[in-house]
Amino acid sequence: ILYRILLVIFFLFMPLILIWRFLKKRDNFQSIKEKFCFFTKKRGLNGKIVWFHGASVGEVQSIIPLLELYEKDKKVKKILITSNTLSSSMVLSKLKLKKTIHQFFPLDLNYFSKKFLDHWNPSNAFFIDSEIWPNMISNLKKKKIPIILLNGRITKKTFNRWSVLSSFANNIFSKFDLCITSDKRSLKYLTKLGAKKVKYFGNLKFTQTEKNTVNINKNLEHYIKSKNIWCASSTHFNEENLCGVIHKRLKRKYKNLLTIIIPRHI
């Protein structure tokens with residue numbers, strides 16, 4: 001009840017937040033509409049819909065091999081992907097997946113989560129990484145739709161925050177039918193928070209799509225192997241400057257240094 005009251009208060013400020021996000025190009029008209037449950041796509045077929053939700057680019061990319069498997073499954077008529085960011089929707093738009101569609105995740109108000117589930121009526125719900133939305137999870141449980149936490153990740157900081165509201169945490173995490181964690185520490189934390197069936201098989205982010213083939217020039221491959229390498233992966237704005245400073249300092253000691261920077265957003 002307290003969570004829902006706080007969300008309603010937060011909702012009063014939502015127009016200002018969305019205007020700011022629009023001006024910063026973090027949202028557009030379509031994403032704002034969909035977050036308020038004005039759907040831009042129809043459910044269509046009466047068959048089975050599998051639903052995956054991930055916050056942003058990393059979470060969506062981690063399940064691409066799974067999407068490719070479900071695309072081949074004749075029992076699955078449609079795959080629904082939801083996320084919170086424009087960049088993640090762009091990742092999906094570049095993939096040639098026939099059954100897969102993307103929508104933006106609705107605001108976690110009780111009314112919106114009910115409206116979303118009534119519209120899409122998924123057969124399963126997969127939440128990726130650390131996406132925990134109490135109203136949506138509660139309404140999924142009421143509809144008896146299986147809820148799976150995929151590649152679940154709970155840091156010590158997150159665990160400590162949830163532990164302050166232990167009864168609330170237990171109420172939410174106990175609703176998951178299955179939690180598959182990305183590491184053994186998360187397995188321990190999720191069990192303590194009230195998750196009943198928790199398994200660890202490894203981190204999904206280390207899987208790779210079968211469609212991608214990487215052909216590296218032999219000269220380039222030889223050059224890379226001859227170097228001392230460090231890599232800054234998934235960097236955010238301004239972190240590349242820091243990488244440059246680190247490279248210059250390391251270069252004093254390691255003459256044979258190669259720095260590889262992989263920005264999160266080009």
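**Reading the model**

Reply: Lys192 is exposed, because its relative accessible area is 58%. Buried means under 20% relative accessible area, exposed over 50%, and partly exposed in between (1.4 Å probe, protein chains only). Lys192 is found in helix α11. Helices (H or I, at least four residues) and strands (E, at least two) are DSSP runs numbered from the N terminus.

Me: What kind of model is this, and how are residues numbered?

Reply: The model is predicted, so local features need pLDDT of at least 70 and side-chain atom pairs count only at pLDDT 80 or more, while totals for chains, interfaces and linings use all residues. Residues are numbered from 1 along each chain as its sequence is written, and side-chain values use heavy atoms, with hydrogens and water left out.

Me: How many helices and strands does the protein have?

Reply: The protein has 13 helices and nine strands. Its C-alpha trace spans about 60 × 45 × 40 Å along the principal axes. Of the 266 residues, 42% are buried.

Me: Which residues form the positive surface patch?

Reply: A patch is made of residues with over 30% relative accessible area and no salt bridge; like charges are joined within 9 Å, and nonpolar side chains (Val, Leu, Ile, Met, Phe, Trp, Tyr) within 5 Å. Lys and Arg count as positive and Asp and Glu as negative, whereas His and the chain ends are not counted. The place of a charge is taken as NZ of Lys, CZ of Arg, CG of Asp or CD of Glu. Here the positive patch consists of Lys156, Arg185, Lys188 and Lys192. Helix α11 (residues 184-193) supplies its largest share, three residues. Over the protein there are 50 positive and 16 negative side chains, and the centres of the two sets lie 2 Å apart.

Me: How many salt bridges does the structure hold?

Reply: Side chains of opposite charge can pair when their charged atoms come close. A salt bridge is a side-chain nitrogen of Lys or Arg within 4 Å of a carboxyl oxygen of Asp or Glu. The structure holds eight salt bridges. In one of them, Arg153 pairs with Asp129, the closest N and O atoms being 2.8 Å apart. This pair links distant parts of the chain, 24 residues apart: Arg153 is in the loop between β5 (147-152) and α9 (156-164), and Asp129 is in the loop between β4 (124-128) and α8 (134-142). Arg153 counts as partly exposed because its relative accessibility is 36%, whereas Asp129, at 3%, counts as buried.

Me: Which residues does Leu66 touch, not counting residues up to four places away in sequence?

Reply: Contact means heavy atoms within 4.5 Å. Leu66 touches Phe52, Leu150 and Leu204, leaving aside residues up to four places away in sequence. Leu66 belongs to helix α5 (residues 64-72) and is partly exposed, as its relative accessible area is 25%. The C-alpha atoms of Leu66 and Thr207 are separated by 9.5 Å, although the two residues are 141 residues apart along the chain.

Technical notes
Areas by Shrake-Rupley, 256 points an atom, 1.4 Å probe, with all protein chains shown as cover.
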